[in-house]
Amino acid sequence: MKPSTKMGVVALIGLFVVFYQYHLSTSVRFDQMIDFNTGGSAEESPVLSQEEVEHYVKTSKLTEEMIKSAVRRVQETNGLSPEIASMLVQQLINHLHKNIFEPPENNSRVRRPMLARFEYGRNTTPDQQESSVKWNKTLEPLYIITPTYRRPEQIPELTRMSHTLMLVKNVHWLVIEDATVATRQVTRLLERTGLKFEHLTAPMPEKYKQKKGAKPRGVSNRNRGLQWIRANATNGVFYFADDDNTYDIALFDEIRKTKRISMFPVGLCTKFGLSTPIIKNDKFIGFYDGWIAGRKFPVDMAGFAVSVKFLLQRPNAAMPFKAGYEEDGFLKSLAPFEPKEIEFLADNCTRVLAWHTQTKKNEPSAPLDMRLYSETNLVKLKQQIV
């Protein structure tokens, strides 16, 4: 490399140091960041505000542009080859981001910014972004009632569901366990999501546990959720969302349209593969479901949503402890209400936005031999596996 080129590169590196110091002085501090996967709680590290995220993104892009501009200047004046110039740009940008996200030496847990939880408007103007923030504050809440119980798939399925709900605006998650004592691992998971949540318990009554054949699973959980809503909510919409289902993010925007009771298709239900109201020429003509069984409302649990105000006007509405008739019994308890009054969502029930996926059932893991592994990482790992 020619002496003049070496001096140009040295000058460029010096310039980069100045840019980097500027970035650190005006950007997001490392200790303001939180990562869902590391288990940090909101109390330990406050989540970034939308303004901080926008500032971080703008500053980062500005610094990258300054680096590219400086490299081009050195290339033009000192004759750097295009390959070297491109490599130098990439190395400097990589070094910039590496240093921004590396923790101090005395911080043992690496955390990355949870930017995914914020929409900083890639293709929107500042005015549009400000309008979007104001609009979000006026949204009525969505109450998602999720019954759950301890099993090998519980934490993975709640994790998957939490990642969906983290993309939903103004949501309040009611996670209700079929247990007398809340599972500690579930509590930790909920705390790490940054979502508004209630972790409640509602065990199935013993008389139903002892019953032979099909059992009314999740009924006590859902009724406990309805009890909480009656005591704490005044508006919004609630939805029974089991943790073994899969939900399109668009479903939650649809649910917000509910004025009384709305319905929409659910995929992978029974041998028909589908549970939905039937619409012909924009008129309701019946239900399509693999198990009608004389039900007035033969729908899947994931196929309807209810207005909180509508529920509050019906203080005796509840889900019955009758296996196979839970949905029908609950919807009938919301009387006076007839099928012709249903609000049909998801483009007039032409789109599937919820699926009854159901994870493969796993056997409980073998117990750990503490004589061999008592002082190993397996002890902590086994606490996370049923």
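## Close-up views of a predicted model

**View 1. Meet the surroundings of Glu-177.** Setting aside neighbours within four places in sequence, Glu-177 is in contact with Thr-148, Gln-154, Ala-182, Thr-183, Val-186, His-199, Leu-200, Thr-201, Ala-202, Pro-203 and Asn-221. Keep in mind that this is a predicted model. You'll find Glu-177 in strand 2, which covers residues 171–177.

**View 2. Helix 6 and its buried residues.** Helix 6 runs over residues 184–193, and its buried residues are Val-186, Leu-189, Leu-190 and Thr-193. Why do they sit on the same side of helix 6? Because they cover an arc of only 95° around the axis. Here's the general idea: an α-helix has 3.6 residues a turn, so residues three or four places apart point the same way. And what covers these buried residues? The cover includes helix 5 (154–165), strand 2 and strand 3 (196–201). One of the buried four, Val-186, also turns up among the contacts of Glu-177. Just after helix 6 comes Gly-194, with a positive phi of about 80°.

**View 3. Lys-257 pairs up with Glu-254.** Side chains of opposite charge can pair when their charged atoms come close. Here, Lys-257 and Glu-254 form a salt bridge, and their closest N and O atoms are 2.8 Å apart. Are the two partners buried or exposed? Glu-254 is buried, at 9% relative accessible area, while Lys-257 is partly exposed, at 46%.

**View 4. Arg-351 and Asp-347 meet.** This salt bridge joins the two side chains at 3.8 Å, N to O.

**View 5. Arg-371 reaches Asp-369.** In this salt bridge, the closest N and O atoms of Arg-371 and Asp-369 are 3.3 Å apart. Arg-371 is exposed, with 77% relative accessible area, whereas Asp-369 counts as partly exposed at 25%.

**View 6. A network of charged side chains.** Which residues are linked in a network of salt bridges? They are Arg-151, Glu-153, Glu-157, Arg-160 and Asp-243. Across the whole structure, a search turns up 14 salt bridges.

How values were computed:
Residues numbered from 1 in each chain as written. Predicted model: local features only at pLDDT ≥ 70, side-chain atom pairs only at ≥ 80, totals over all residues. Heavy atoms only, no water. Salt bridge = Lys/Arg side-chain N within 4 Å of Asp/Glu carboxyl O. Buried < 20%, exposed > 50% of the residue type's maximum accessible area, 1.4 Å probe, protein only. Helix = DSSP H or I, 4+ residues; strand = E, 2+ residues; numbered from the N terminus. Contact = heavy atoms within 4.5 Å. Arc of directions from axis to C-beta.
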